[in-house]
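Please look at the sequence and the model before reading on.

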Amino acid sequence: PTSRRFLLTASCADPANGLGEGQRQIQKMALDFAAKELAPNMQEWDEKEIFPVETMRKAAQLGFGAVYCDEKFGGTGLSRLDASVIFEALATGCCSTTAYISIHNVCAWMVDHFGNDELRSQWVPRLASMDTFSSYCLTEQGAGSDAASLSTTARKDGSHYIINGSKAFISGGGESDLYVVMCRTGQAGPAGVSCILVEKGTPGLSFAKKEKKLGWNSHPARIVNFDDCRVPVTNLVGEEGQGFSIAMKGLNSGRIYVASSSMGAAYAALEQARDYMKIRKQFGKSLENFQYLQFRLAEMATQLVASRLIVRNAAVALDSQDPNAVALCSMAKLFATEECFKICNSAMQIFGGYGYLKDYPVQQYMRDCRVHCILEGTNEIMRMLVSRDLLTE
Ligand code: FAD
Ligand code: 2MC
């Protein structure tokens, strides 16, 4: 089912609609990569829990390792809107792998945007080529949605920080080479948080067992432990106390990208459901003749196009530093992740019993994008951010 792709191009659901010529070319490159390098492997990566290092490095050769970092140190220099188009396209081939690539991109941007030139020149080229893989470390067992209550500490000792504590659910944990860690260097609350880089191999850094997950199986999630982990003070990104702001600014884009990954999964699921309706016969005719299913398909396409509009709108708001960008990104993440999960679920329903079998990819798109309603800020936190924006004078 993954070999017949992109039959919905030139339809009302075509992801190229509304894009300029340059963006269409980038999108085509990402769609081709998804069809050739990701889609044929997504099932095996899921089943065997393979972290596809070489494939991701190939993606990096196309500029997808540091999409929206400045070109000065090797970034691709594109916008968040471009990045959203790329991640949606890649996710048609493997939603889980795309999600990891997008987290890596957020980490690269945090270093590139807030780091000094020394840190940038040291890390951005390697992050752009994905010779170095990176993980974003905010969540702790006791601090999930209430991220500002985090308790991992970094105590200054001469020219080093000594880090103690642990981070939970870290995507790429154990595989990544560079950990972008939010830890407490000062007072309680957001103002006491700093952002510090920790390299794999640093004494005191260790990883717990790989978590067993419903989806997102092409990369591991682990608890990451810091036990008197000494890193040079020069690994501080930005200023002391700026870490929470850096983390949140990283997440504004991350929320757009996770929503874009949901859109890619939903687009692929929609396309496959549509193809299946043409070949599956019941009651003497193919499913495409049942008006109930025709209408369902129409609703799925409408939910998808609405998701794209709200996500691309938020990406533009972020690119143009619109004062409402935080709420618009939250709104986009909330809407698109929920609607796209419903699209994948509907696609599975259209496949009937076959949709529930792992022989068909629809169930995987559904499993992979379910978690997008939970992570990068739960959708309840997204509702909180939108309502705060509305209610604050
Ligand atoms: P909790 O915060 O305990 O929330 C439990 C429930 O209560 C949720 O439904 C929540 O929405 C709700 N809730 C909480 N507060 C409120 C409120 N004020 N009002 C209404 N409802 C509320 N984190 C990282 O830092 N890096 C990663 O790479 C990473 N990868 C992840 C990968 C996976 C597969 C998963 C599952 C998680 C990952 N996370 C990562 C963590 C993720 O961001 C958190 O799970 C998420 O932020 C929620 O935190 P929690 O799980 O502690 O839930
Ligand atoms: N963009 C920019 N700044 C932000 C921001 C955002 N999205 N969200 C909060 N801030 C600022 C905020 O403006 C405030 O700044 P100032 O002190 O200058 O006024 C500061 O951060 C503290 O914010 P609040 O006063 O709103 O703090 P509060 O504790 O009430 O709320 C909350 C913070 C809930 C918004 C934040 O903790 C949050 O986003 N929680 C969800 C955690 C999350 O998203 N985790 C994802 C982990 S990564 C992941 O899952 C992956 C898969 C990688």
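Between domain 2 and domain 3 there are 7 residue pairs in polar contact, both residues at pLDDT 80 or more; a polar contact is a pair of N or O atoms within 3.5 Å, where within protein one must be able to donate a hydrogen and the other to accept it, and residues adjacent in sequence count only if both atoms are side-chain atoms. The model is predicted, so local features need pLDDT of at least 70 and side-chain atom pairs count only at pLDDT 80 or more, while totals for chains, interfaces and linings use all residues, and side-chain values use heavy atoms, with hydrogens and water left out. Residues are numbered from 1 along each chain as its sequence is written, chains are lettered from A, and ligands are numbered from 1 in the order in which they are written.

**Domains and their interface**

- The chain is divided into domain 1 (21-133), domain 2 (135-242) and domain 3 (244-391), with bounds from an automatic or database domain assignment.
- The C-alpha centres of domain 2 and domain 3 are 30 Å apart.
- Contact (heavy atoms within 4.5 Å) links 16 residues of domain 2 with 14 residues of domain 3.
- Domain 2 and domain 3 bury about 1,200 Å² between them, 71% of it on carbon and sulfur atoms; buried area is the accessible area (1.4 Å probe) that two parts lose on being put together, summed over both.
- Of the area that domain 2 buries against domain 3, L214, W216 and Q242 supply 44%, more than any other three residues.
- The count of salt bridges between domain 2 and domain 3 is 0, a salt bridge being a side-chain nitrogen of Lys or Arg within 4 Å of a carboxyl oxygen of Asp or Glu.

**Ligand 1**

- Around ligand 1 there are 16 residues, of which T139, S145, F169, T378 and E380 come nearest; a residue counts if one of its heavy atoms lies within 4 Å.
- A nitrogen atom of ligand 1 is 2.7 Å from a side-chain N or O atom of T139.
- Oxygen atoms of ligand 1 lie 2.7 Å from a side-chain N or O atom in S145 and 2.7 Å from one in T378.
- Taken alone, ligand 1 exposes 970 Å², and the protein buries 63% of that (Shrake-Rupley method, 1.4 Å probe).

**Ligand 2**

- Of the 21 residues around ligand 2, S145, N252, R255, E376 and R388 come nearest.
- An oxygen atom of ligand 2 is 2.6 Å from an N or O atom in the side chain of R388.
- On the backbone side, a polar atom of E376 is 2.8 Å from an oxygen atom of ligand 2, and an N or O atom of A147 is 3.5 Å from an oxygen atom of ligand 2.
- Taken alone, ligand 2 exposes 1,000 Å², of which the protein buries 69%.
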